[in-house]
Amino acid sequence: MFNKELFEIAKNVSKKAYAPYSNYKVGAAIRTKNGKIFSGCNVENSSYGLTNCAERTAIFKAVSEGEKEFEEILIYSNSGKMPFPCGACRQVISEFGDEIKITISSNEKIVESSIKKLLPSKFEL
Ligand code: THU
């Protein structure tokens, strides 16, 4: 089910994105199994490959606060282009479980999916 609270948090944090190169601002909000919410935005760099996506910012904030049991993540961009998570973020999300629900949203559209669907054959050690 669509989580309006996560949507509002992701939308708000997207305004904090540091995206002077792409101008594509993204916000993510992740909810833990015990109900805590962590948010993150994309942080770009003049050395482009050092950019951190919004999803990974949110996950790294949560993990560094001791949380790694996640229920769902919502990703938001106010651009017309839907912020489907990149391959690196799919792998990072999948590290924390196969059942994590993923909602991709912009102002016009919402797509509900799961990490299992978006990354069917994850790399595992
Ligand atoms: N980006 C995200 O933060 N999340 C996504 O789901 C897709 C891409 C960022 C990375 C970069 O700062 C900008 O969007 C353009 O690729």
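Predicted model: local features only at pLDDT ≥ 70, side-chain atom pairs only at ≥ 80, totals over all residues.
**Stop 1: strand β1.** Select residues 26-32, which form β1. Six of its seven residues are buried, so this strand is largely enclosed by the rest of the structure.

**Stop 2: the partners of β1.** Next, show residues 37-41, strand β2. β2 also pairs with β1 in the antiparallel sense, here over five bridges.

For a handy landmark, click on alanine 29. Which residue of β3 stands opposite alanine 29? Look for leucine 74. Over in β2, the residue opposite alanine 29 is serine 39.

**Stop 3: the hairpin turn.** Follow the chain from β1 into β2. Four residues sit between the two strands of this hairpin, and glycine 35 there takes a positive phi near 90°.

Stop 4: Go back to the loop between α1 (4-14) and β1, and pick out tyrosine 21. Tyrosine 21 is partly exposed, at 41% relative accessible area.

**Stop 5: asparagine 23.** Stay in the loop between α1 and β1, where asparagine 23 is also found. Is asparagine 23 buried or exposed? It counts as exposed, with 64% relative accessibility. Check its backbone too: asparagine 23 has a positive phi of about 60° although it isn't a glycine. Most residues other than glycine have a negative phi.

Definitions and conventions:
Residues numbered from 1 in each chain as written. Heavy atoms only, no water. Buried < 20%, exposed > 50% of the residue type's maximum accessible area, 1.4 Å probe, protein only. Pairing = 2+ DSSP bridges.
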